[in-house]
Amino acid sequence: MKRKVVLILLSLFFFLETNAQCAMCRAVLESEEGQTAAEGINDGIVYLMAIPYILIGGIGFFIYKKYKTLKK
């Protein structure tokens with residue numbers, strides 16, 4: 001069980017370094033001289049992408065725990 005928790009936590013932290021931009025956003029932001037806006041857009045996209053996965057994972061975990069305690 002500890003291995004699974006560690007694996008899940010590590011997999012959550014590895015996707016934080018991704019660059020997630022659509023083609024249009026990338027084209028507009030690459031034309032800018034300073035890359036601060038592009039970094040901000042990337043961080044925002046990753047943040048918006050992570051929240052649903054965290055919520056669904058949390059709900060799934062609580063359902064799993066509920067069924068596990070009912071079977072004992």
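Me: How is an aromatic pair described, and how many does the structure hold?
Reply: A pair of aromatic rings is described by the distance of the centres and the angle of the planes. Rings of Phe, Tyr and Trp (its six-membered ring) pair if their centres lie within 6.5 Å; planes under 30 degrees apart are stacked, over 60 edge-to-face, and the rest tilted. This structure holds 1 aromatic pair. Phenylalanine 61 and phenylalanine 62 make an edge-to-face pair, with 5.8 Å centre to centre and 65° between the planes.

Me: Is phenylalanine 62 buried or exposed?
Reply: Buried means under 20% relative accessible area, exposed over 50%, partly exposed in between (1.4 Å probe, protein chains only). Phenylalanine 62 is exposed, because its relative accessibility is 58%. Phenylalanine 61 has 39%, so it counts as partly exposed. In the protein, buried residues make up 10% of the 72 residues.

Me: What are the sources and limits of these values?
Reply: The model is predicted: local features need pLDDT of at least 70, side-chain atom pairs count only at pLDDT 80 or more, and totals for chains, interfaces and linings use all residues. Residues are numbered from 1 along each chain as its sequence is written, and side-chain values use heavy atoms, leaving out hydrogens and water.

Me: Where is confidence lowest?
Reply: pLDDT is the predictor's confidence in each residue, from 0 to 100. Where pLDDT is low, the predicted coordinates should not be read in detail. Here the mean is 79, and 82% of the residues reach 70 or more. Helix H2 (residues 23-30) is lowest, at a mean of 70; H3 is highest, at 87.

Me: What is the secondary structure of the protein?
Reply: Helices (H or I, at least four residues) and strands (E, at least two) are DSSP runs, numbered from the N terminus. The protein has 3 helices and 0 strands. H3 (residues 36-71) has 36 residues and reaches 52 Å from first C-alpha to last, close to the expected 52 Å. The expected span is 1.5 Å times one less than the number of residues. Ala38, Asn42, Val46 and Ala50 of H3 are buried.

Me: Which helices supply at least two residues each of the lining of the largest pocket?
Reply: Rolling a probe the size of a water molecule over the atoms shows where empty space is left. On a 1 Å grid over the protein atoms alone, a pocket is an open set of points where a 1.4 Å probe fits, with protein on both sides within 12 Å along at least five of seven lines; lining residues have an atom within 4 Å of a point. Helix H1 (2-14) and H3 each supply at least two lining residues. The largest share, 6 residues, comes from H3. Phe61 is among the lining residues, as are Met1 and Tyr64.
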